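Here is a walk through a two-chain model, one region at a time. Keep the viewer open and follow along.

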Amino acid sequence: MALTQRQIVDNDRSKFDFKDELVYLHEAKRGLTRETVEEISALKGEPDWMLQFRLRAYAHFLKRPMPTWGGHLGDIDFDRIVYYRKPSEREERSWDDVPDKIKETFERLGIPEAERMFLAGVGAQYDSEVVYHSVKEELSKLGVVFMGTDQALKEYPQIFEEHFGTVIPPEDNKFAALNSAVWSGGSFVYVPPGVDVPLPLQAYFRINAESTGQFERTLIVVDKGAKVHYIEGCSAPIYAADSLHAAVVEVIALPGAKVRYTTIQNWSNDVYNLVTKRAHAHEDSTVEWIDANTGSRLTMKYPAIYLRGRGATADIISVAVAGKGQHQDTGAKAVHLAPDTKSRIVSKSVSKDGGRATYRGHLKVAPGATNVVASVRCDALMLDDQSRSDTYPYIDIQEDDTTMSHEATVGRISEDQVFYLMSRGLSENEAQNLIVQGFLEVFTKELPMEYAVEFNRLVKLEMEGALG
Amino acid sequence: MSDAPRIATAGGAGPAGRSGRLAEIAPSAPPARQARASSSLLLREGSQQAIERLSELQTEPDWLRAERREALQLAGDLPLEANPLFTSYVDLRAARFDEIDPYLETGDAAQMSDVLPEGAEGLLVVSDDRVVARALSPAAQSAGVVLDTLPNVLRERADLAAHVRALVEGSATLPQNDKFAQVARALSALGLVVHVPAGVRLEQPIVIRWAVGQPGRGLISRTLISLGEGAAASILEEQLPSVSPAAGAQSLWWGTSEVVLARGASLDFAAQQDFAQDTLAFVNRHATLGQEAQLRWALASVGGQLHKSRIDNQLVGRGSGVNQVEIGFGGGSQLFDLTSYTRHIGEDTSGDLLSKGVFLDRSRGYFKGLIDIERSARGTDSFLGEFAMLLTKKARSVTIPSLEIDQPDVRRASHSSSVGPIDETQVFYLMSRGLPRELARKFIVMGFLEPVVARIPLAEAQDRLRELLEQKWPADSTVATEPAA
């Protein structure tokens, strides 16, 4: 494989402050054409319906204007992006290409050697490979399907075709259209009726061999009365070769199902992370969305739960930390379409060093959705004068027996609290760090222990300014 | 019936059947989603003639004519909603602008009343296109208080003319990005001036009464209010029907309150809108507060088919504060579209904003709010609350209480919002004290709105507002009027 392209990554705005020009290897064609889409589909040997789906999405992508709200998207150059790399080509980058600052961060976070290679996209993580295989055996005994989305299209065509694209149609928005046209990779989960999956499914282990995609597509179908917890992402920064990540995640909770989706997003700071995530909650089901965003240059992500069946419950915890040069435009949506449904949204954001944290949420109670109880709580912490915090909640109620409450506050760390902690022997930085960790606890306490430890360590590093 | 030429006379410029009507200066009811695309509906040709005619009729100075031209340009270029946060919640479908022919010629009536009502410091009454009453207390008069039409002030008070020009020139007292405000600035047919000189503190309120409602007619106006250093005043604005409601064409009131408070000035401004149900009301209220200035708004809207208002509070001076309470009580297919912007610019400013809505039948409330704390605004204390009660299945409430914060050194920056039915435990409590169910419900709703009613400056006006609110309560479901002894 030859060195064909040289890319200069915009360094200045990166939290990691890397100074090197990055060089990486590939031979895939840049830019998006109808031929690229056809080629992706052909390479994957897909059925015709999927090709047609991709082409329909591509047509919409071309037609759809760029969003004019949210963050600044003007710098995205769709022609400079590589839309598909064959898995075998993915490990061509070498460890030497990974910026020192990223390596240093791995070091400080205490990430094992093998895992670092994986996170930097330069190697597979063999320890977890082993773990994944044992997990897989246990799951298959229960009839649980947990595999790559591409593979699932071949092996479970029926479930796949029945649900794929039903929660987020390609026409949903420009980036969902882009994803639908060129999607590759992602997780597929199917849990059969009544099965309670005893351990969290961690995408982290599954995708070890093929790296994570930029346009991954995740589809999670939890059948009647079944229960599962799916975890994606990790606290360590994920180093991306291209600057656009546009994933689509569809979750379907059939009647009585319970699904929890946990994700920690920590892309390196040159990445545009424009993601569409949505769940359908059917009768008496529960969908929980636990979402944290610490990385990327700009994230626009608003996990949504459509409460379609009577008695369904939605619970969303959304956390964002915006540091230097970052804009976290995140939030949550709960759309009540059926009676006796409940939703709770809790959002916590921290902005510092000139970062901008935006909460953008939508709570809707449609006609017919009687006896709804809903709450939205947004708290923002700003650590300095250079930072910015915005809150844009939309609350649209069309039933008279709805009970809705919303609260939002924005403030800085209380000097009294810092003073108190310092009087107990903590340094100012330690005191602030402790207060921020306490502020985010609503999120961390929902994480499995090892994730919580890692996440707190990450916040601590951010607070110390140790990440640049 | 009209002696005034129609606003647009350019032949063939408009679509058939619409020439010469307000449709040409205002958008004709596009679906909400197309809000941004509709600015092309503003046909400048006809309106240009209208503003020249308006300037001529009022023998306006050149600077005012230039203001109108600039505003018309802006109004033509602006989308219906310039803030992308709110574009999904603009709905003018109820407005039939093509039925409305706004007044061009206005002024003092041949017969003017100068009787001052009990408890008021001043009174100005506009009935459709004419000022029919104007009175000031002797004390106010000798203190130099001004309450008059803009043409009269420009003609008779050279000193104030310069003051007014300095205040309003270049859209300083209206938002540059608001199409509706710019339409008022371009096409105002009647300007009012209220001025309270420095140091003058008025004990009693100034009452401004607008009566409109002639089918097919509309009044576009501006009200310029300035208080000098340390001045204090209260203003009560009443908006009423001028004729008993008759089926037919819609009528229109389109106006402003442009408030400038100098250092240490204090203004209480109360308004109650009780137009007939086929009246459209478009309101812009814009206030600029100097150092330590205090402003209290108490605004109640009950009538009209569509009440669209935007309030801009500019807290420029250090230590200035605004307190705003606003209520809407809707029935039928009424829409209250209430937007408020509070910009904290100076240090140690405070904003306390509360909106409440009660909605019956198919009525709707859109509460759109934005608190903006700029980097310079250290020590801000800001609260925005938006609360609604939906009393029927088809009623709808939209609340968007937004915050944009560039300065974390705040005393408080928060908002809260709730939507809910009448609290059943409260109903039970009142019923246990002998009230019939419907009366208990009514009491709870009246209690929910009372904080705004209590802020109306005249006792008489307070009682009138309570009456208006009670009348809103559906007659067929109201049981005994008096609680059991």
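## Two helices in chain A

Which residues of H2(A) meet which residues of H8(A)? Bear in mind that this is a predicted model. On the H2(A) side you'll find A:Phe53, A:Arg54, A:Ala57, A:Tyr58, A:His60 and A:Phe61. Across from them, H8(A) brings A:Lys174, A:Ala177, A:Leu178, A:Ser180 and A:Ala181. Sorted by class, the residues of this contact come out as 7 nonpolar, 2 polar and 2 charged.

As for the geometry, H2(A) covers residues 48-63 and H8(A) covers residues 174-182. Their axes come within 7 Å and cross at roughly 145 degrees. The crossing of H2(A) past H8(A) is left-handed.

## A threonine to click on

Now pick out A:Thr218, which sits in strand S4 (residues 217-222) of chain A. Is A:Thr218 buried or exposed? A:Thr218 counts as buried, because it has 22 C-beta neighbours inside 10 Å, and 20 or more is what it takes.

What does A:Thr218 touch, once you set aside its neighbours within four places in sequence? Its contacts are then A:Thr149, A:Gly186, A:Ser187 and A:Val249. Also have a look at A:Glu250: it is 32 residues away from A:Thr218 in sequence, yet the C-alpha to C-alpha distance is 6.1 Å.

## Strands within and between the chains

Next come the strands. In chain A, strand S17 (residues 373-382) pairs with S19(A) in the parallel sense, over 10 bridges.

Which residue of S21(B) is the bridge partner of A:His406? That would be B:Ser417. Likewise, A:Ser405 has B:Ser418 as its bridge partner in S21(B). If you're tracing side chains here, remember that in a regular strand they alternate between the two faces of the sheet.

## Where the chains meet

Zooming out to the whole contact between the chains, 31 residues come from chain A and 32 from chain B. On the chain B side, the elements giving two or more residues are strand S20 (396-405) and strand S21 (410-420). S20(B) gives the most, with 10 residues.

What is the make-up of the side of chain B that touches chain A? By class, you get 15 nonpolar, 11 polar and 6 charged residues.

## The rest of chain B

Chain B has 485 residues, and 56% of them count as buried. Its secondary structure amounts to 9 helices and 21 strands. Take the contacts in chain B between residues at least 6 apart in sequence: 81% of these join residues at least 24 apart.

One helix pair here is worth a click too. H7(B) (residues 424-432) and H8(B) (residues 437-453) have axes that come within 9 Å and cross at roughly 120 degrees, so H7(B) is oblique to H8(B). H7(B) passes H8(B) in a right-handed crossing. From H7(B), the contact uses B:Gln426, B:Val427, B:Leu430 and B:Met431, while H8(B) supplies B:Arg437, B:Ala440, B:Arg441, B:Phe443 and B:Ile444. That set divides into 6 nonpolar, 1 polar and 2 charged residues.

Methods
Residues are numbered from 1 along each chain as its sequence is written. Chains are lettered from A and ligands numbered from 1 in the order in which they are written. This is a predicted model: local features need pLDDT of at least 70, side-chain atom pairs count only at pLDDT 80 or more; totals for chains, interfaces and linings use all residues. Two residues are in contact if their C-beta atoms, placed from the backbone, lie within 7 Å. Helices (H or I, at least four residues) and strands (E, at least two) are DSSP runs, numbered from the N terminus. Ala, Val, Leu, Ile, Met, Phe, Trp, Tyr, Cys and Pro count as nonpolar, Asp, Glu, Lys and Arg as charged, and the others, Gly among them, as polar. Two strands pair if DSSP finds at least two bridges between them. Axes are lines fitted to C-alpha atoms, for helices over the stretch in contact, and angles run from 0 to 180 degrees between N-to-C directions. A crossing is left-handed if the near helix is turned anticlockwise from the far one by less than a right angle, and right-handed if clockwise. A residue is buried if 20 or more other C-beta atoms lie within 10 Å of its own, exposed if 12 or fewer, and partly exposed in between; C-beta atoms are placed from the backbone. Angles under 35 degrees count as roughly parallel, over 145 as roughly antiparallel, 65 to 115 as roughly perpendicular and the rest as oblique.
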